[in-house]
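Visitor: I would like to go through this protein with you. Could we begin with the overall picture and then turn to the details?

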Amino acid sequence: MALSQVLSASTYGIDAFTVKVETHIEQGLFAFTIVGLPDSSVKESRERVNAAIKNSGFKFPNKKITVNLAPADIKKEGSQFDLPIAIGILSATEQIQSDILDKFIILGELALDGTLRPIHGALPIAISAKNSGLKGVILPKENAKEAAIVSEIEVYPMGSLAEVVNFLNGEHQLLNPFKIDIDEIFNQESKYTIDFADVKGQENVKRALEIAAAGGHNVIMIGPPGSGKTMLAKRLPTILPPMTLEEALETTKIHSVAGLLPPNTALIATRPFRAPHHTISDSALVGGGTIPRPGEISLAHHGVLFLDELPEFNRNVLEVLRQPLEDKKVTISRTKMTVEYPANFMLVCAMNPCPCGNLGNPHQQCTCSPAQIQKYMGKISGPLLDRIDIHIEVPAVKYSELASKAIGETSAQIRERVIKAREIQLKRFRGRKNLFKNADMQTREIREFCKIDSDGEAILKNAITKLGLSARAYDKILKVARTIADLSGSESIKPEHWNEAIQYRSLDRNLWGIMT
């Protein structure tokens with residue numbers, strides 16, 4: 001009998017946990033069994049490991065082999081267990097004689113010829129290795145940059161099973177751990193290829209998006225086709241404050257677990273912009289699956305989720321957004337597991353005012369009947385609209401603006417003002433948990449930081465009475481007014497700030513009518 005143990009890891013949500021790959025080999029009829037709740041991709045590793053060991057010039061034992069993935073009560077998935085299973089077999093058959101197997105997490109998918117292929121979740125696994133006090137990780141070359149973001153652990157990128165065996169046997173004494181300059185990588189990655197200066201006209205919409213960026217507010221844009229709604233939305237991330245390293249790491253973890261991190265990418269340092277098609281399912285939007293995976297709202301974490309042609313989405317898909325918009329996270333429960341993914345994103349929606357898109361257009365006649373318009377608008381529920389802070393009309397662009405040679409403000413200029421407003425908010429909320437921007441304020445903070453003077457009270461009373469807004473919409477007005485005041489550098493909220501904030505809540509009542 002022979003027994004060996006190799007350390008590997010698997011992901012759970014956006015975090016990782018250590019998996020002990022125990023290999024037991026004994027005399028008997030040939031059998032290769034993997035236990036410990038493996039999924040199909042793990043069970044299939046038997047054929048890959050068999051071929052990879054033989055094609056790498058090593059001996060595969062013709063005996064009874066049992067591999068246990070501990071802890072045995074947690075579902076294991078993914079192809080990253082190929083390499084540790086192969087190393088466990090070679091160690092148990094004394095083809096590897098190493099005293100460092102318990103110091104490294106080993107992971108990688110094996111090709112049939114023994115070369116290594118990239119895996120998912122390298123960043124959270126590297127973080128887990130650091131937190132467990134291990135020396136480092138051994139993994140495929142394509143995942144090296146991602147894992148090397150984590151300091152204080154050694155990362156050894158490998159190209160094949162033979163290389164790993166030689167390293168563990170001490171035949172690669174001169175092999176140095178892979179290192180990267182985090183600051184240099186961060187600066188290289190945090191660049192955008194589009195700019196607000198590309199947008200002609202629409203100054204009022206640019207102003208609304210600046211306010212949204214400054215306070216982290218959700219936005220809906222309503223206008224005819226071709227008025228620039230999508231173009232404006234795509235440029236919103238360029239005026240958001242630069243990502244901090246902590247935000248970049250959290251965003252990268254989500255994309256790594258989802259398998260969406262491009263090969264040889266170390267870090268996602270630009271704010272995500274996700275624009276799912278309107279045929280998306282509710283589970284694809286919020287996350288799901290037998291083993292839950294992050295959905296579009298989590299992939300947009302610290303960035304923008306853009307829903308174009310909003311009424312074309314299924315109503316049940318839109319309704320599942322309501323809770324994540326409030327909680328900034330999504331919890332996915334299954335019979336045997338519950339996973340929580342962060343979902344702190346800015347929701348930006350765009351839609352036409354009617355099916356033909358010409359309602360209210362002075363140059364084109366609307367061909368829709370009142371019943372068609374009502375059905376079209378009715379797909380957007382009142383509760384969802386209440387969770388959107390800023391409603392803005394995007395009119396058709398005039399020819400004089402399209403033909404103008406003048407260049408508008410650049411994203412860098414707008415971002416500068418946004419950063420100053422965010423700095424005011426960070427100073428205001430210092431020491432308060434999970435409060436970083438005005439959109440994060442709860443009832444207590446609204447009462448404390450959105451003081452209403454007599455002039456403001458009269459303006460708000462008049463607006464609420466005429467528009468019939470809900471209590472949530474009232475709170476949104478207070479938050480937006482606070483952001484407008486921050487952009488102007490004012491400590492108090494003045495009448496002009498209240499008036500502008502109220503202006504961004506009138507469209508839903510004008511177009512939808514009074515809704516409950």
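Guide: Of the 516 residues of the protein, 53% count as buried. Please keep in mind that this is a predicted model.

Visitor: What does the C-alpha trace span along its principal axes?

Guide: The C-alpha trace spans about 85 × 50 × 45 Å along those axes.

Visitor: And how many helices and strands are there in the secondary structure?

Guide: The protein has 23 helices and 18 strands.

Visitor: What share of the contacts with a separation of 6 or more comes from residues 24 or more positions apart?

Guide: Such residues account for 74% of those contacts.

Visitor: Let us turn to the sheets. What is the strand order in the open sheet of five strands?

Guide: The order is S11-S14-S17-S10-S18, and the pairing is parallel. Strand S11 (273-274) and strand S18 (390-393) are the edge strands, each of which pairs on one side only.

Visitor: How many bridges join S10 and S17?

Guide: Strand S10 (residues 219-222) pairs with strand S17 (residues 346-351) over four bridges, in the parallel sense. Ile220 has Cys349 of S17 opposite it.

Visitor: Now the helices. At what angle do the axes of H4 and H10 cross?

Guide: Helix H4 (residues 122-131) and helix H10 (residues 245-257) cross at roughly 120°, and their axes come within 7 Å. On the H4 side the contact is made by Ala122, Leu123, Pro124 and Ile127. H10 contributes Leu249, Thr252, Lys253, Ser256 and Val257.

Visitor: How do those residues divide into nonpolar, polar and charged?

Guide: The contact of H4 with H10 comprises six nonpolar residues, two polar and one charged.

Visitor: Staying with H10, is Thr251 buried or exposed?

Guide: Thr251, which is found in helix H10, is buried, with a relative accessible area of 1%. Not counting residues up to four places away in sequence, Thr251 touches Met243, Ile268, Pro272, His301 and His302.

Visitor: What about Ser45: where is it found?

Guide: Ser45 is in helix H2 (residues 45-55). Its relative accessible area is 0%, so Ser45 counts as buried. Apart from neighbours within four places in sequence, Ser45 is in contact with Ile34, Asp82 and Ile85.

Visitor: Changing topic, how many disulfides does the structure hold?

Guide: The structure holds zero disulfides. Cys366 is in no disulfide, and the nearest cysteine sulfur, that of Cys354, is 3.7 Å away. Cys366 is partly exposed, with a relative accessible area of 22%.

Visitor: What geometry does the pair of Phe429 and Phe449 have?

Guide: The pair of Phe429 and Phe449 is edge-to-face, at 5.5 Å centre to centre with 75° between the planes. Phe429 lies in the loop between H18 and H19, and Phe449 in helix H19, so the pair links parts that are 20 residues apart in sequence. Phe429 is buried at a relative accessible area of 1%, and Phe449 counts as buried at 14%.

Visitor: Which rings are linked into a cluster by ring pairs?

Guide: Ring pairs link Phe30, Phe32 and Phe60.

Visitor: One last residue, then. Where is the place of Met441?

Guide: Met441 is in the loop between helix H18 (411-428) and helix H19 (443-449). Met441 is buried, with a relative accessible area of 1%. Leaving aside neighbours within four places in sequence, its contacts include Phe429 and Phe449, as well as Lys479.

Visitor: How far apart are Met441 and Lys479 in sequence and in space?

Guide: Met441 and Lys479 are 38 residues apart in sequence and 7.6 Å apart in space, C-alpha to C-alpha.

Notes. Residues are numbered from 1 along each chain as its sequence is written. This is a predicted model: local features need pLDDT of at least 70, side-chain atom pairs count only at pLDDT 80 or more; totals for chains, interfaces and linings use all residues. Side-chain values use heavy atoms; hydrogens and water are left out. Axes are lines fitted to C-alpha atoms, for helices over the stretch in contact, and angles run from 0 to 180 degrees between N-to-C directions. Helices (H or I, at least four residues) and strands (E, at least two) are DSSP runs, numbered from the N terminus. Contact means heavy atoms within 4.5 Å. Ala, Val, Leu, Ile, Met, Phe, Trp, Tyr, Cys and Pro count as nonpolar, Asp, Glu, Lys and Arg as charged, and the others, Gly among them, as polar. Buried means under 20% relative accessible area, exposed over 50%, partly exposed in between (1.4 Å probe, protein chains only). Two strands pair if DSSP finds at least two bridges between them. A disulfide is a pair of cysteine sulfur atoms within 2.5 Å. Rings of Phe, Tyr and Trp (its six-membered ring) pair if their centres lie within 6.5 Å; planes under 30 degrees apart count as stacked, over 60 as edge-to-face and the rest as tilted.
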